[in-house]
Amino acid sequence: MMASSYNAKDEDGHITVTGPGGGAGLRSKKPENTAFKQQRLPAWQPILTAGTVLPAFFIIGLLFIPIGIGLFVTSNNIKEFTIDYTGADNSSPCFNCSQNFSWNSTMPCTCTVPFYLDQPYESNVYVYYGLSNFYQNHRRYVKSRDDSQLNGNLKSLLEPSKECEPYAYHNNVPIAPCGAIANSMFNDTLALFYNHPNGTNVPILLGTTGIAWWTDKHVKFGNPGGADSNLTAVFQGTTKPLNWRRPVYELDSDQSNSGFVNEDFIVWMRTAALPTFRKLYRIIAKSSQMVPTLPPGNYTLEVVYNYPVHSFEGRKRIILSTISWMGGKNPFLGIAYITVGSVCFFLGVVLLVIHHKCGNRNNGADISN
């Protein structure tokens, strides 16, 4: 027999509790008498009038328009030069490399693309590679990696995650690094030469470090066994990704930039959100030998064509760019500020006219009454 029972809910919102002795008690459902539960907290309830709304529109407009103009002018002052070397057209210097590409070829195809800079590039110059129609944001592609392996975990090195399938093992040998992202890493080799007026070709020094995020290189990525380990010995028992021409421990002659901490590899592993994207490839540091960093004149881009894009109808390009305090060239932010400021200022003028006409009419009606 139960010790107590509950009767039906009373009309006033209380519950009657019947105890063992037949006595009845009330348990209130009313919230506690506090400012928070009784909704007595102070609140700001603005009253929107013409005197408060119109100045807000004008202030936003007068602030946003000059800010937008400044951002837009700053973006336009950034110099940027793009070279498409896909090789899709018959007239392209890389056409033969594009059409005759083979993964099984032991001798990669090389092509040279001449171009002309009509203005000097001061300070540091940032070299990007760009791809089009490449969907790095595909769900299965983004998940196809093993972060534990990339962080240097020895167990994950020999036992890759199932997320890497079908690029986890090759002939029952674990792949390092595993996954579709690593397997599709951009591996064209780009070299830049300045055609000096005296007839010599001056190679442009392309810096291979400093292109990845510090947190990626020192926190998210790491070689098994630590920074001082013998990479050749550590990666024994693994094999390279299927589309790679050399194993991960041979990505750079400098061991501090080889293996999983190779900065080209780290940059590629940070997937892009859109199918048309660019990634930092090299940095041309300003030196005292060449003033400016890239003088105007004729240049030659030498490409070792390792990365095919014909199968997915993509395009490849290289971008030479300077930067400013706001980053690379991007006029969108300036245009957005100018647009919002102009719209607010225009709405302020329209509402002011409406308020002036309708307000005088209402005042006249009140006086006549």
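Predicted model: local features only at pLDDT ≥ 70, side-chain atom pairs only at ≥ 80, totals over all residues.
Q: Is the link of Cys97 and Cys109 left-handed or right-handed?
A: Left-handed, with -65 degrees about the S-S bond. Residues are numbered from 1 along each chain as its sequence is written, and side-chain values use heavy atoms, with hydrogens and water left out.

Q: Cys97, buried or exposed?
A: Buried, at 4% relative accessibility. Cys109 is partly exposed, at 30%. Buried means under 20% relative accessible area, exposed over 50%, and partly exposed in between (1.4 Å probe, protein chains only).

Q: How many disulfides turn up in the whole structure?
A: Three, a disulfide being a pair of cysteine sulfur atoms within 2.5 Å. Counting bonded cysteines along the chain, the pattern is 1-4, 2-3, 5-6.

Q: Which cysteine does Cys94 pair with?
A: Cys111, with the sulfur atoms 2.0 Å apart. That link is right-handed, at 80 degrees about the S-S bond. Cys94 sits in the loop between S4 and helix H2 (95-99), while Cys111 is in strand S5, 17 residues apart. Both Cys94 and Cys111 are buried.

Q: And Cys164, what's its partner?
A: Cys178, S to S 2.1 Å. Cys164 is buried at 0% relative accessible area, and Cys178 is buried at 2%.

Q: Switching to sheets: what's the strand order in the one with S5?
A: S5-S12-S9-S10, an open sheet of four strands with antiparallel pairing. Two strands pair if DSSP finds at least two bridges between them. Strands S5 (109-117) and S10 (201-203) are the edges, each pairing on one side only.

Q: How many bridges between S9 and S12?
A: Seven, in the antiparallel sense. Leu190 stands opposite Val303 in S12.

Q: What about the sheet with S4, which order there?
A: S4-S13-S6-S11, an open sheet with antiparallel pairing. Strands S4 (80-84) and S11 (277-284) each have a single partner strand, so one side of each is left without a neighbour in the sheet.

Q: Which residue in S13 is the bridge partner of Asp84?
A: Arg317. S4 and S13 (residues 315-321) pair over five bridges.

Note on methods:
Helix = DSSP H or I, 4+ residues; strand = E, 2+ residues; numbered from the N terminus.
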